[in-house]
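This note is intended for a colleague who is meeting the structure for the first time. The points below go from the overall build of one chain to individual elements and residues.

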Amino acid sequence: MNTPILQMRGITKTFPGVKALQDVTLQVNRGEVHAICGENGAGKSTLMKVLSGVYPHSSFDGDILFENEPCNFSSISDSEKRGIVIIHQELALSPYLSIAENIYLGNEQANRGWVNWRKTNLEAAKLLARVGLSENPVTPVQHISVGKQQLVEIAKALSKEVKLLILDEPTAALNDEDSSHLLDLILHLKGQGVTSIIISHKLNEIRKVADAVTIIRDGKTIETLRLGDGEITQERIIRGMVGRDLESLYPDREPQIGEEVLRIEDWSVRHPQDYSRVVVNNASLNVRKGEVVGLAGLMGAGRTELAMSVFGRSYGTATSGKVFKHGTEINTSTVSDAIRHGIAYATEDRKLYGLNLIEDIKRNVSMAALRKLVKGGWVDKNQETVVANDYRKSMNIKAPSVAAVTGKLSGGNQQKVVLSKWMYSDPDVLILDEPTRGIDVGAKFEIYTIIAKLAAEGKAVIVISSELPELLGICDRIYTLSAGHITGEVPIAEASQETLMHYMTKEKE
Amino acid sequence: MSALRESLGFLTSRLRQVGIFVALILIVLLFQILTDGILLEPQNVTNLVVQNSYILILAIGMVMVIIAGHIDLSVGSVAGFIGACAGVMIVHWGWEWWLAIPACLLIGALVGAWQGYWIAYVGIPAFIVTLAGMLIFRGLTLIVLKNQQITPFPGELRALGGGFLPDISGGTSVLEWLTVILGVGATLALVIQAVKERRIRKKFELENEPMAWFATKTAFIALLMLTITFLLASYRGTPIVLIVLAVLVIVYTALMNNSVFGRHTYALGGNLHAAELSGIKTKVVTFRLFVNMGVLAALAGLVFTARLNSAQPAGGTGFELDAIAAAFIGGAAVTGGIGTVAGAMIGGLIMGVLNNGMSILGLGTDYQQLIKGLVLLLAVGFDIFNKNRSGKGGGISIIERLKLKTPPAADVDAGKPAAEHPVPVAAGK
């Protein structure tokens with residue numbers, strides 16, 4: 001049993017300016033379920049993309065041996081030919097095609113260019129039976145639940161005669177029942193000789209199915225733990241995941257916390273398409289004047305969904321709950337209402353949702369509060385330039401002038417433009433969603449300084465972040481979210497990465 | 001020589017805007033030679049203005065719709081429909097022109113509101129809604145006209161299409177002095193405005209066009225306007241519709257640049273999600289854009305009907321294509337967020353000069369359509385080619401390569417990314 005099927009040695013992958021993987025080693029034995037754990041951004045998905053040929057062989061250093069033969073993949077189809085199939089977190093199914101068509105997409109059961117439908121559907125039915133899915137192969141994929149779609153993905157992998165199945169957060173979008181069914185299937189496939197690599201945040205799942213777990217942190221392999229002997233506790237894994245020194249610098253601040261500014265009560269949101277999924281469940285939280293409150297949670301915990309639904313119902317359906325500002329209930333059902341009540345939300349995806357990339361800095365800065373610049377019915381463009389120039393100086397936005405197009409700025413400078421935009425809207429509460437994502441270290445410190453300054457000016461700040469050290473470095477109080485529930489509220493004095501990770505991985509009672 | 005170098009560097013960084021301007025001049029010169037000077041004869045220049053006025057009016061509304069990321073295929077049919085309405089009101093019912101014109105514009109607004117409702121509030125793509133509108137309003141035109149043309153119209157309405165400002169010298173002068181006064185006045189106003197704007201930019205530390213280019217450009221535009229003034233003045237003076245058009249261009253340029261509505265239009269075309277999350281009421285903006293388009297289509301329909309002196313069942317057919325082409329030739333982006341009223345006007349004039357010049361040469365509509373089609377394709381193709389090359393790291397563009405031969409100009413920095421930090425791909429989340 002202990003013969004290795006996959007060995008990855010000395011994998012180093014560099015993106016311009018960032019070392020995503022550094023000398024990573026991974027050994028997976030034949031017939032086992034091998035889990036890979038790590039924080040968001042630790043390098044797990046990058047490693048799997050290296051393995052599956054998404055990043056071609058020439059773009060990284062190191063060796064991959066699969067079944068004792070070296071692999072020089074230059075595309076996904078190369079790795080699939082060898083029996084390595086990856087199922088991404090975002091399912092890659094075409095919603096309007098049938099289950100059978102999806103299974104054989106790109107691998108059609110055809111004679112001389114004509115599809116053999118009988119064979120396609122028959123073979124698909126056999127595969128569906130193997131994954132325990134009782135659906136008609138001709139059903140369009142959009143008519144089955146996400147859980148079942150996940151099974152279709154696995155059936156698709158099986159159709160390619162998979163030897164090594166890689167699942168990237170397979171249960172992140174599933175409910176408990178579907179999750180446990182999927183985990184059973186992984187064990188079932190293991191019995192049929194399929195080796196699996198599973199990337200997951202959910203430690204109880206890992207304990208249930210995995211034989212071994214490799215922990216990756218900051219692009220490096222930390223350790224591989226064998227779970228067989230039952231000595232490995234969740235706490236042991238967590239320690240491996242977060243055991244990093246708090247070397248990064250955070251600005252010093254003396255919090256001066258005043259009265260409560262914003263309170264959210266019993267907030268629930270459902271998924272906009274899949275009504276049965278409750279994405280945020282009865283969440284309540286508050287933030288006070290001059291306070292920086294963190295919102296921690298793993299991928300899919302509902303952090304962004306909570307923030308966006310409060311900010312003008314920008315996410316989800318069937319939203320319920322109450323928002324209070326200074327003790328009186330307010331209506332935030334449209335974005336302009338939310339802005340009028342002094343709430344600002346800086347999105348996690350600034351390119352897609354935050355900036356007009358083809359416009360210049362000054363027009364982006366004024367976008368959320370253009371009416372402040374109106375004089376006699378017209379926008380005062382001179383005043384706009386003055387305002388934008390003030391922010392360019394105070395926020396240290398590096399650009400030749402405020403007429404520079406934002407699409408050409410660096411990530412850090414783009415983020416400063418987004419923050420300027422919201423500061424100009426005079427908010428009392430700022431919700432910053434992943435404010436330092438995709439930003440280099442130097443610019444991160446500047447962003448932290450801005451956050452500290454905002455709090456010192458008496459704003460209430462909510463920071464959503466996947467980086468626990470960041471939250472520990474800048475927050476006064478941290479809420480943890482897990483599967484849509486607020487699972488913990490930790491004052492900074494009692495917070496550590498271990499306690500937070502414990503709450504973040506806590507299942508609801 | 002550094003002024004020249006600076007100008008060259010600037011020109012290459014703004015190739016698109018400069019390009020269509022130069023293209024218009026080249027096309028004018030080409031046809032001036034090919035037609036042995038007929039193109040720029042006073043009478044023909046007057047014709048050119050009047051003939052294209054309704055397309056230019058449509059192009060104003062169209063470029064706004066395109067900036068917001070939509071399209072309107074129905075404007076030709078709407079213009080025809082409004083012409084029919086005007087015919088019924090004025091000729092059949094005997095309404096006065098001062099009553100009929102506002103009534104027609106109101107109908108145009110209602111038509112726009114109808115389409116805007118489906119697009120903004122129901123969420124049907126503008127392409128579909130206005131394609132349906134193209135059929136609906138053509139059908140209504142035929143119904144209102146009972147498939148027969150309505151004619152003739154009273155002189156007051158005809159003046160809107162073919163009338164001229166009165167001759168204040170009472171016919172004693174070779175030149176129409178009112179036209180000269182208006183033309184010279186407008187030119188002066190334009191130059192003063194340009195200089196003022198330049199001063200303001202300097203004051204606020206925004207990068208300016210290089211002096212050499214600015215002076216050349218302003219002098220050239222002034223010269224062009226004075227030439228046109230002279231040509232118009234030596235025929236019958238200023239067409240009334242030119243005044244209407246000039247007012248529209250000034251008002252809509254201001255609206256798009258300096259009003260909240262105009263700025264929101266750019267914002268929602270540039271990034272719809274970002275606009276929504278910035279509290280912009282994108283549905284309201286979209287709705288208003290289509291109402292505005294309806295009013296302008298109605299105005300174009302009135303001008304067209306007045307010029308022909310008849311409301312015709314096929315009136316306005318194909319106008320939408322000319323208006324759309326004008327907007328795109330004038331630099332509007334297919335994806336929205338980019339475009340100017342002035343650009344659409346130049347685009348419309350390019351199409352107009354092509355039409356007029358080829359007609360004088362006696363080329364049939366077959367070749368006219370062929371050539372117009374190719375011009376549209378080339379203009380937008382050039383745009384996209386240029387964007388792809390200079391865009392995200394796709395090698396050096398032709399322009400960049402040309403630039404390398406001249407020493408780097410101080411001004412070029414403006415267009416360059418400030419030390420492009422690569423965004424690290426969020427690894428393994």
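1. Overall build of chain A. Chain A contains 17 helices and 24 strands. Its radius of gyration is 25 Å, close to the 23 Å that the globule rule gives for 509 residues, so chain A is as compact as a globular protein of that length. The model is a predicted one, and every remark below should be read with that in mind.

2. Extent and burial of chain A. Taken along the principal axes, the C-alpha atoms of chain A fill a box of roughly 70 × 50 × 50 Å. Of the 509 residues in this chain, 51% count as buried. Among its contacts between residues at least 6 apart in sequence, 68% join residues at least 24 apart.

3. Strand 11 of chain A and its partners. Strand 11 (residues 212-217) of chain A pairs with strand 12 (residues 220-226) of chain A in the antiparallel sense, over six bridges. Within this pairing, A:Val213 stands opposite A:Leu225 of strand 12. The two strands form a hairpin with two residues between them, where A:Asp218 takes a positive phi near 50°. Strand 11 of chain A also pairs with strand 3 (residues 33-37) of chain A, in the parallel sense and over four bridges. Here A:Cys37 has A:Ile215 in strand 11 as its bridge partner.

4. A loop residue of chain A. A:Ala493 belongs to the loop that lies between strand 24 (485-491) and helix 17 (497-504) of chain A. Is this residue buried or exposed? A:Ala493 counts as exposed, because it has 7 C-beta neighbours inside 10 Å and the exposed class covers residues with 12 or fewer. Its C-alpha atom is 8.5 Å from that of A:Arg477, a residue 16 places apart from A:Ala493 in sequence.

5. The largest nonpolar core. This core has 251 residues, and those with the most contacts inside it are B:Leu58 and B:Ala59. Helix 3 (residues 42-67) of chain B gives the most to the core, with 16 residues. Which residues does B:Leu58 contact, leaving aside its neighbours within four places in sequence? They are B:Val75, B:Leu296, B:Ala297, B:Ala300, B:Phe319 and B:Ala323.

6. Helix 3 against helix 9 in chain B. The axes of helix 3 and helix 9 (residues 211-233) of chain B come within 8 Å and cross at roughly 105°. Angles of 65 to 115 degrees count as roughly perpendicular, and the two helices are therefore described as roughly perpendicular to each other. At their meeting place, B:Pro42, B:Val45 and B:Thr46 of helix 3 meet B:Ile228, B:Leu231 and B:Leu232 of helix 9.

7. A mostly covered helix in chain B. Nine of the eleven residues of helix 11 (residues 260-270) of chain B are buried. Among them are B:Arg263, B:His264 and B:Tyr266, as well as B:Gly269 and B:Gly270. The buried residues of helix 11 pack against helix 3, helix 10 (240-258), helix 12 (272-277) and helix 13 (282-308) of chain B, together with strand 20 (378-379) of chain A.

Terms used:
Residues numbered from 1 in each chain as written. Chains lettered and ligands numbered in written order. Predicted model: local features only at pLDDT ≥ 70, side-chain atom pairs only at ≥ 80, totals over all residues. Buried ≥ 20, exposed ≤ 12 C-beta atoms within 10 Å, placed from the backbone. Core = buried A, V, L, I, M, F, W, Y, C linked by C-beta atoms within 7 Å. Contact = placed C-beta atoms within 7 Å. Pairing = 2+ DSSP bridges. Rg over C-alpha atoms; globule rule 2.2 N^0.38 Å. Axes fitted to C-alpha atoms, helices over the stretch in contact; angles between N-to-C directions. Parallel < 35°, antiparallel > 145°, perpendicular 65-115°, else oblique.
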